[in-house]
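Biologist: Can you walk me through this one? I have the sequence and the model to hand.
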Amino acid sequence: MQEQNKKKKNLKVNFNMIKSDKEFYLNNCNFTKVQEDIFNDLTGKYPLSIIQISMKENMSDRTVSRVIREIKLKMIKAIIMK
C-alpha cells in the first residue's frame, strides 16, 4: 500500500484591503455571524491576532484558524464567481 502525503495547502489571502473590497466580500460571501465577526476583526483598522480573536469569541485558537480558512475559501469562490 502506498501512503499518500496529505498536505494542506496554504491559502494566500491578504486581509489588508480597502473599504470597497471589504464591502464586496461582506455582500457576496454569505458569511455566518461568527465568520463575519472574525472577518471584521481581521480587516479592521487595527487587525487582531488569532489569539486575540479566540479570546474575544470564546473559542480555541485552532477553531479560529479553521474559521479563517473557511473565510478564505468563500473569498476565493466569490472572486471566481464574479
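Biologist: Which residues in the largest nonpolar core touch the most other members?
Modeller: Phe15, Ile38, Phe39, Ile71 and Met75, out of 15 residues in that core. A nonpolar core is a set of buried Ala, Val, Leu, Ile, Met, Phe, Trp, Tyr and Cys residues joined through side-chain atoms within 4.5 Å. Buried means under 20% relative accessible area, exposed over 50%, partly exposed in between (1.4 Å probe, protein chains only).
Biologist: Which helix gives the most to this core?
Modeller: α4, with six residues. Helices are DSSP runs of H or I, at least four residues, numbered from the N terminus.
Biologist: What should I keep in mind about the source?
Modeller: This is a predicted model: local features need pLDDT of at least 70, side-chain atom pairs count only at pLDDT 80 or more, and totals for chains, interfaces and linings use all residues. Residues are numbered from 1 along each chain as its sequence is written, and side-chain values use heavy atoms, leaving out hydrogens and water.
Biologist: Back to α4. Which of its residues are buried?
Modeller: Val64, Val67, Ile68, Ile71, Lys72, Met75 and Ala78.
Biologist: Which exposed residues are on the face turned away?
Modeller: Lys77, Ile80 and Met81.
Biologist: And what does Ile71 touch?
Modeller: Phe15, Phe31, Gln35, Ile38 and Phe39, not counting residues up to four places away in sequence. Contact means heavy atoms within 4.5 Å.

How values were computed. Helix = DSSP H or I, 4+ residues; strand = E, 2+ residues; numbered from the N terminus.
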